[in-house]
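Q: I'd like to learn how to read a structure like this one, feature by feature. Could we go through it together?

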Amino acid sequence: MGFRGSDLPDFPWDSLAPAKARASAHPGGVVDLSVGTPVDPTPELARQALSGAANSPGYPTVIGTPELRAAMVAWWGRRRGARLTEAGVLPTIGSKELVALLPSLLGLGPGDVVVHPAIAYPTYDVGARLAGATPVASDSPGQWPAETRLIWLNSPGNPHGHVLSVEELRGVVAWARERGAVVASDECYAELAWEEPWRSEGVPSLLDERVCGGDHSGLLAAYSLSKQSNLAGYRAALLAGDPDLIGQIREIRKHSGLMLPAPVQAAMVAVLGDDAHMQEQRERYWRRRERLAPAVRAVGLELDPGSAAGLYLWGKAGAPSSEIVDAFAGRGILVAPGTFYGPAGEGYVRIALSGTDERIAAAVERLGEGPLLG
């Protein structure tokens, strides 16, 4: 069997090099809104915890320190409506590695199908291919093959910001349990809700008792601290759900040495116990969205009306994605083409809210020069 990496698609962001070069030539410098990388300071409480745990000569544990396990259980209960025990939580080295490895960690392979959203983060597809399974991009259970063994949900969705309701989540759980499939929900943008009812009520989790009745069998939910706590550089994330599945994944990770550094675990404990910094960061993104969205509409983009949460604007302008990206680059603004998220993304672009206030202001000023496309 050949190395499966040879079957993987090219890394999408590498193809943005020409657009980035054009945008960088702008006299005011590039406004890079192509990748949702945090730009605001890491909270002081995280830095203090990291520093305080710097003397860590021994190996950390895969399952996390007792303090971290307790903090994860408490956070899922307080913020996501999920009653868990420590057997149902696990820290991960960022959420992307978990997404890429989960089909393999679950033992999937040739003949198995991994379903993921029609417009989706590319790593769901990549993870299926790495395991030798078949990825299927579809939002309709009526189109999901009988061989489906894993269903990826993403709510709020990247790139479009759609939110799945309690009823929609229940429907997927019922479908999967009738067929013995696992449901995994990527919820890393859950704290960034902008529209009602989600802004007031919160985005529902797959593990919410209203969704699963307190029965987490066959269910997994992933969450990242990169967005809510500006910890992308720490690679700090968490997985929760079915204790049996968590146990299976934990044992493989123990054999593989997939463990978070002890200082990072200490930083996770600090941020998971503090909601104030997360609320402050959410308001930063809210203010940037309120400034950027009207400017984007004014140059001719139609923003997705279903976008209710997340870190991005998702819009179309009656032209191929590549043309829209090039037009933005002409204003010194770099955005991502919708085609990075599958064929259904053609004609769209994704615009991240993760620029500094100064860079967002620069983008708004440049967009004020008139219509983007002739």
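Q: Does Asn230 count as buried or exposed, and at what relative accessibility?

A: Buried means under 20% relative accessible area, exposed over 50%, and partly exposed in between, with a 1.4 Å probe and protein chains only. Asn230 counts as buried, at 5% relative accessibility. Before we go on, a word on ground rules: this is a predicted model, where local features need pLDDT of at least 70 and side-chain atom pairs count only at pLDDT 80 or more, while totals for chains, interfaces and linings use all residues. Residues are numbered from 1 along each chain as its sequence is written, and side-chain values use heavy atoms, with hydrogens and water left out.

Q: What is the phi of Asn230, and where in the fold is this residue found?

A: Helices (H or I, at least four residues) and strands (E, at least two) are DSSP runs, numbered from the N terminus. Asn230 is in the loop between helix H9 (225–229) and strand S8 (236–241). Its phi is positive, about 55 degrees, although Asn230 is not a glycine. Arg235 lies in the loop between H9 and S8 as well, and has a positive phi near 55 degrees, again in a residue other than glycine. As for cover, Arg235 is partly exposed, with a relative accessible area of 31%.

Q: Let's zoom out. How many helices and strands does the protein have?

A: There are 14 helices and 13 strands. The radius of gyration is 20 Å, close to the 21 Å that the globule rule gives for 374 residues, so the protein is as compact as a globular protein of that length. That radius is taken over C-alpha atoms, and the rule is 2.2 Å times the number of residues to the power 0.38. Along the principal axes, the C-alpha atoms fill a box of roughly 55 × 50 × 45 Å.

Q: What share of the residues is buried, and what share of the contacts joins residues 24 or more positions apart?

A: Contact means heavy atoms within 4.5 Å. Of the 374 residues, 55% are buried. Among contacts with a separation of 6 or more, 76% are between residues 24 or more positions apart.

Q: Where is Leu225, and which residues is it in contact with?

A: Leu225 is found in helix H9 and is buried, with a relative accessible area of 0%. Leaving aside neighbours within four places in sequence, Leu225 is in contact with residues including Asn230, Leu238, Met268 and Leu272.

Q: Which residues of helix H13 are buried, and what covers them?

A: H13 spans residues 321–330, and Ser321, Ile324, Val325, Ala327, Phe328 and Ala329 are buried. Their cover includes helix H1 (17–24), strand S13 (348–352) and helix H14 (357–367). Just after H13, Gly332 takes a positive phi of about 80 degrees.

Q: And Lys20, in which helix is it found, and what is it in contact with?

A: Lys20 is found in helix H1 and is partly exposed, with a relative accessible area of 40%. Setting aside neighbours within four places in sequence, Lys20 is in contact with Asp32 and Leu334.
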